[in-house]
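Trainee: I would like a close look at one helix and the parts of the chain around it. Please take me through it step by step.

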Amino acid sequence: MDFELSPEQKMLAQTVASFAKQRSPVERFRKLREQQQPWDPQVWAHMGELGWLSVPFSEDAGGFGAGMVEVAIIVEGLGRALAPEPYLASVVLAGMTLAAAGSQDQHERWLTPMMEGETALSLAYAERATRYDHGEPGTVAARDGSGWRISGEKVFALGGAQAQHFVVSAQTPDGLGLFVLDAEGPGVDRRVVRTIDGQGAAQLVLDGATVGDEHRLGEPGPSARSVLGHAIDRGAAAACSEGLGVAQTMLDMTVAHLKEREQFGVPIGAFQVLQHRAVDMFVEVQLLRSMSVLATVQSEHDDPQVRQRAISAAKATLASSGRFVSHEAIQLHGGIGITDEHDIGLYFKRMLSLNAVLGDEQHHVERFAAGAGF
């Protein structure tokens with residue numbers, strides 16, 4: 001099988017790398033964190049101008065009609081620079097849910113402004129009692145005249161701290177339904193949640209939030225549940241791609257440190273035992289790369305069992321390999337590795353977050369084991 005990128009994909013990867021170096025160095029993330037600002041709307045708008053926010057959407061919806069390979073290229077590049085803009089949250093999770101379930105009018109109302117970088121979206125599906133099960137939400141949507149009244153609570157909505165609109169899952173009389181809610185709409189109480197990686201999330205308390213029927217995406221029931229599940233799987237695949245970018249950067253930083261840091265008059269990288277540990281890190285990064293490619297390719301598969309098997313294997317690998325690379329990077333940096341002043345700790349925290357979102361190691365191992373043929 002040929003895994004070589006096309007000329008267009010190589011150009012995209014180079015563009016993302018150049019953007020990350022010039023417009024989004026890690027120093028920018030530190031500054032935003034100190035200002036308690038989740039991300040920069042100007043940088044988000046620039047991503048829209050570059051066309052990155054339109055990449056996975058069909059031409060009918062106003063996008064470029066590319067696929068998850070191009071998404072993976074972008075998020076891996078952004079992960080290398082710890083760019084905090086909510087590409088995974090807004091484009092992959094909420095955006096692709098809206099694209100799959102919404103009508104053309106709904107695309108023009110909510111998806112087009114996001115693709116242009118004017119607004120951001122967030123998918124609010126997680127709840128306290130359901131852990132990673134998205135199929136039976138406790139949030140309830142009841143008919144209210146010609147519209148809907150939605151009540152419940154959502155936790156850890158990725159990218160939700162600064163999003164203008166939320167795609168919310170709720171239980172209706174006909175099954176699971178998907179609705180678009182304005183962040184400042186009636187009955188919507190958004191509470192910003194601090195996260196270990198400094199990128200933040202949101203908790204939503206919906207106290208009879210009222211919306212018109214035009215805010216409902218498609219018909220409630222199995223179709224909406226399938227759309228939501230597919231979007232979450234795509235998000236998990238994208239998280240693996242971003243985790244790959246984080247792991248590769250941690251490896252690169254560690255190798256550079258081994259070459260520069262001197263002890264007993266020689267670079268510590270001259271000691272064979274440390275060389276072996278760096279090689280072990282390289283092996284784990286390559287393993288993660290292989291599994292991330294598999295998850296990216298299979299994330300578009302129509303058979304849920306094939307898709308989930310590949311993505312769960314990749315997400316479990318992200319947890320194990322990412323944990324190993326992160327721990328080794330911290331240890332090989334020595335005392336400076338545990339200080340906030342050094343960038344390696346920021347990558348360590350982002351890796352912890354990526355391992356937990358959209359299904360942790362235990363969840364994905366159990367889902368893989370429950371699959372047919374295991």
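Mentor: This is a predicted model. Take helix α10, residues 343-356: its 14 residues reach 21 Å from the first C-alpha to the last, close to the 20 Å expected at 1.5 Å a residue. Its buried residues are Ile344, Gly345, Leu346, Tyr347, Arg350, Met351, Ser353, Leu354 and Asn355. An α-helix has 3.6 residues a turn, so residues three or four places apart point the same way. The buried residues of α10 pack against several other helices: α2 (26-34), α4 (68-81), α7 (222-260), α9 (304-333) and α11 (361-370). After α10 comes leucine 358, which has a positive phi, near 60°. Asp343 belongs to a network of salt bridges that also links Arg30, Arg33 and Asp340.

Arginine 323 pairs with glutamate 361, with the closest N and O atoms 3.2 Å apart. Arginine 323 is in helix α9 and glutamate 361 in helix α11, so the pair ties together parts 38 residues apart in sequence. Arginine 323 is partly exposed, because its relative accessible area is 36%, and glutamate 361 is also partly exposed, at 28%.

Helix α9 also has a link to helix α8. Glutamate 328 forms a salt bridge with arginine 277, and their closest N and O atoms are 2.8 Å apart. Since glutamate 328 lies in α9 and arginine 277 in α8, the pair ties together parts that are 51 residues apart in sequence. Glutamate 328 is buried, with a relative accessible area of 11%, whereas arginine 277 is partly exposed at 24%.

Now follow α8, residues 272-298, which holds methionine 281. Methionine 281 is buried, because its relative accessible area is 0% and buried means under 20%. Leaving aside neighbours within four places in sequence, methionine 281 is in contact with Met250, Leu251, Thr254, Phe324, Val325, Glu328, Ala329 and Leu332. Methionine 281 and valine 255 are 26 residues apart in sequence and 9.9 Å apart in space, C-alpha to C-alpha.

Further along, serine 292 is also in α8 and is buried, with a relative accessible area of 3%. Beyond its neighbours within four places in sequence, serine 292 is in contact with Cys240, Ser241 and Leu244. Valine 293, in the same helix α8, is partly exposed at 32% relative accessibility. Together with Phe3, Leu5, Val69 and Val297, Val293 makes a nonpolar surface patch of about 390 Å².

Definitions and conventions. Residues numbered from 1 in each chain as written. Predicted model: local features only at pLDDT ≥ 70, side-chain atom pairs only at ≥ 80, totals over all residues. Heavy atoms only, no water. Helix = DSSP H or I, 4+ residues; strand = E, 2+ residues; numbered from the N terminus. Expected span 1.5 Å × (residues − 1). Buried < 20%, exposed > 50% of the residue type's maximum accessible area, 1.4 Å probe, protein only. Contact = heavy atoms within 4.5 Å. Patch = residues over 30% accessible without salt bridge, like charges linked within 9 Å, V, L, I, M, F, W, Y side chains within 5 Å. Areas by Shrake-Rupley, 256 points an atom, 1.4 Å probe, with all protein chains shown as cover. Salt bridge = Lys/Arg side-chain N within 4 Å of Asp/Glu carboxyl O.
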